[in-house]
Amino acid sequence: MLKYDSSHDNYYWSSDVSKAIAQLEKYIFNCSRNKNDIEATIKEEKGVDVKIIQPKGVLVIGNWDKLKDDNMKRDFEILRSALKNIEIVLYDEMYKRLKNLKISSLKMN
């Protein structure tokens, strides 16, 4: 997920993560640019009225245990929070969210 830059003593996104972020940003841009066509297609194919307003993307990558030390964890959080249109979610965070969702839905029944 992250690479270390010894000259600046910090971590940055690996090339694979950078590519995934760039690809997702392109999808978000195209969604914004073509929102009227997308809204019309969803209405025609699914019969549902939707409005696309400030689309966002979610990128699921890595695991928390791959962040080896406090500096790496801190830099990951800084990088993650700096993204405007993308939420970075770790696989183990996604698992916890789904588990909590399942537990809360069981409590409601």
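**Exercise 1. Is Ser 14 buried or exposed, and what is its relative accessible area?**

Solution. The model is predicted: local features need pLDDT of at least 70, side-chain atom pairs count only at pLDDT 80 or more, and totals for chains, interfaces and linings use all residues. Residues are numbered from 1 along each chain as its sequence is written, and side-chain values use heavy atoms, with hydrogens and water left out.

Step 1. Apply the cut-offs: buried means under 20% relative accessible area, exposed over 50%, and partly exposed in between, with a 1.4 Å probe and protein chains only.

Step 2. Ser 14 has a relative accessible area of 8%, so this residue is buried.

Step 3. Ser 14 sits in the loop between strand 2 (10–13) and helix 1 (15–33). Helices (H or I, at least four residues) and strands (E, at least two) are DSSP runs, numbered from the N terminus.

Step 4. List the contacts, meaning heavy atoms within 4.5 Å. Not counting residues up to four places away in sequence, Ser 14 touches Met 1, Leu 2 and Lys 3.

**Exercise 2. Describe helix 1 by its span and its faces.**

Solution. Step 1. Helix 1 has 19 residues and reaches 27 Å from its first C-alpha to its last, close to the 27 Å expected at 1.5 Å a residue. The expected span is 1.5 Å times one less than the number of residues.

Step 1. Its buried residues are Val 17, Ile 21, Leu 24 and Ile 28. Seen down the helix axis, these buried residues fall within an arc of 70°, so they line one face of helix 1. The arc is that of the directions from the helix axis to the C-beta atoms.

Step 2. On the face turned away from the buried side, helix 1 carries the exposed residues Asp 16, Lys 19, Lys 26, Phe 29 and Arg 33.

Step 3. The cover over the buried residues of helix 1 includes strand 2, strand 3 and strand 4.

**Exercise 3. Which residues have the most contacts inside the largest nonpolar core?**

Solution. Step 1. A nonpolar core is a set of buried Ala, Val, Leu, Ile, Met, Phe, Trp, Tyr and Cys residues joined through side-chain atoms within 4.5 Å. In soluble globular proteins, nonpolar side chains tend to be buried together.

Step 1. The largest such core has 16 residues, and those with the most contacts inside it are Trp 13, Ile 21, Ile 86 and Ile 88.

Step 2. Two or more residues of this core come from each of strand 2, helix 1, strand 3 (57–61), helix 3 (70–82) and strand 4 (86–90). Helix 1 gives the largest share, four residues.

Step 3. Take Ile 88 in detail. Leaving aside neighbours within four places in sequence, Ile 88 is in contact with Trp 13, Ile 21, Leu 59, Ile 61, Phe 76, Arg 80, Leu 83 and Glu 93.

**Exercise 4. How many aromatic pairs does the structure hold?**

Solution. Step 1. Rings of Phe, Tyr and Trp (its six-membered ring) pair if their centres lie within 6.5 Å; planes under 30 degrees apart count as stacked, over 60 as edge-to-face and the rest as tilted.

Step 1. The structure holds three aromatic pairs. One of them, Tyr 4 with Tyr 11, is tilted, at 5.0 Å centre to centre and 55° between the planes. Tyr 4 is partly exposed, at a relative accessible area of 41%, whereas Tyr 11 counts as buried at 15%.

Step 2. Trp 64 and Phe 76 form an edge-to-face pair, 6.3 Å centre to centre with 80° between the planes. This pair links distant parts of the chain, 12 residues apart: Trp 64 is in the loop between strand 3 and helix 3, and Phe 76 is in helix 3. Trp 64 counts as partly exposed at 29% relative accessibility, and Phe 76 counts as buried at 0%.

Step 3. Trp 13, Trp 64 and Phe 76 form one aromatic cluster.
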